[in-house]
Amino acid sequence: MILPHDTASGPSLTDETHQFFSEKGELSASPDFEYRAEQQQLAVEVARSLDEGSGLLAEAGTGVGKSLAYLVPAIKFAIECGKKAVISTHTINLQEQLVRKDLPLVKKLLGRDFGVSLLKGRQNYLCPKRLRLALNQSGDLFSSSEDEELRSIANWAKKTQDGSLASLDFKPSPSVWAQVCSEPHVCTQRTCGAGSSCFFQLARKQAGEATVVVVNHSLFFSLLDPSRPEDQE
């Protein structure tokens, strides 16, 4: 549920957003800025929905600048109200674009630092515990080519920062990755606590502490429905 934004102490988020995206607003300081009435309108409607605590369904074409239009008011709202902004995208590629490109720009434009977390479904993360088990049983589980993949994953595991499949420099066969990725019954908070080397549990901990969490639709809806597995995309 979205709660109304308290405007008693100053300008409303709607007014601030209108000014921010105007021809002489804060966004105009960006060297790549080009005033777009559609972008300003979309941003204002997002801000108004947050001010009023109402829902919003909006659509905009390519080139409008949709990402900034919803990120800026959503993040300003989250920071000012002490809440968490959850941004959901269609694909993991779009998640990574937001985290690597758009959100650093928003930090610069707002002049504010805030925690950002990219959270994927658990099958996208390497489980160090399952990797160790697979290495111990590699002779029984894998062919020679699969065993080479497993060794390459083990070497990558020593240097990766996030343990995410997307950061692996080759695409492993599904049968190999299925033996080493996070799995609900093996990788739990009890067995792979957030203080350990478990990449999935660490990602969950970071998401809990971040102001902005970027997920994809499959994961978002699985988290809303406890009966669905959280090892989706």
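Residues are numbered from 1 along each chain as its sequence is written, and side-chain values use heavy atoms, with hydrogens and water left out. Since the model is predicted, local features need pLDDT of at least 70 and side-chain atom pairs count only at pLDDT 80 or more, whereas totals for chains, interfaces and linings use all residues.

**Sheet and packed helices**

Helices (H or I, at least four residues) and strands (E, at least two) are DSSP runs, numbered from the N terminus. Two strands pair if DSSP finds at least two bridges between them. The model has an open sheet of 3 strands in the order β1-β3-β2, with parallel pairing. The edges are β1 (85-89) and β2 (116-118); each has a single partner strand, so one side of each is left without a neighbour in the sheet. On average, neighbouring strands of this sheet are turned by 20 degrees against each other, direction ignored. Axes here are lines fitted to C-alpha atoms, for helices over the stretch in contact, and angles run from 0 to 180 degrees between N-to-C directions.

The parallel strands β1 and β3 are joined by 5 bridges, and Ala85 stands opposite Val212 in β3. Between β2 and β3, also parallel, there are 3 bridges; Leu118 has Val214 of β3 as its bridge partner.

In a regular strand the side chains alternate between the two faces of the sheet. Buried means under 20% relative accessible area, exposed over 50%, and partly exposed in between (1.4 Å probe, protein chains only).

Helix α4 (residues 92-110) lies across β1, β2 and β3 and runs at about 160 degrees to β3. Helix α10 (residues 217-224) packs on the sheet and touches β1 and β3, its direction making about 100 degrees with that of β3. Contact means heavy atoms within 4.5 Å.

**Nonpolar cores**

A nonpolar core is a set of buried Ala, Val, Leu, Ile, Met, Phe, Trp, Tyr and Cys residues joined through side-chain atoms within 4.5 Å. The largest has 27 residues, and those with the most contacts inside it are Leu119, Leu126, Leu131, Ile153, Trp177 and Val180. At least two residues of this core come from each of α5 (128-136), α7, α8 (174-180), α9 and β3 (212-216). Not counting residues up to four places away in sequence, Ile153 touches Leu126, Leu131, Leu168, Phe170, Pro172, Val176, Trp177 and Val180. A second, separate core of 26 residues includes Phe20, Leu27, Ala69 and Ile87.

**Salt bridges**

A salt bridge is a side-chain nitrogen of Lys or Arg within 4 Å of a carboxyl oxygen of Asp or Glu. The whole structure contains 7 salt bridges, among them the pairs below.

| Pair | N to O distance |
|---|---|
| Lys76 and Glu16 | 3.6 Å |
| Arg151 and Asp147 | 3.6 Å |
| Glu209 and Lys205 | 2.7 Å |

Lys76 counts as buried because its relative accessibility is 17%, and Glu16, at 24%, counts as partly exposed. Glu16, Lys76 and Glu80 are linked in a network of salt bridges.

Arg151 and Asp147 both lie in helix α7 (residues 144-157), 4 residues apart, about one turn of the helix. Arg151 is partly exposed at 39% relative accessibility, and Asp147 is partly exposed at 21%. Glu209 and Lys205 are 4 residues apart in helix α9 (residues 199-209) and therefore separated by about one helical turn. Glu209 is exposed at 59% relative accessibility, while Lys205, at 40%, is partly exposed.

**Thr17**

Thr17 lies in helix α1 and is buried, with a relative accessible area of 1%. A polar atom of the Thr17 side chain lies 2.8 Å from the backbone oxygen of Leu13. Not counting residues up to four places away in sequence, Thr17 touches Ala43, Val44, Ala47 and Pro73.

Terms used
Polar contact = N/O pair within 3.5 Å; in protein donor to acceptor, adjacent residues only side chain to side chain.
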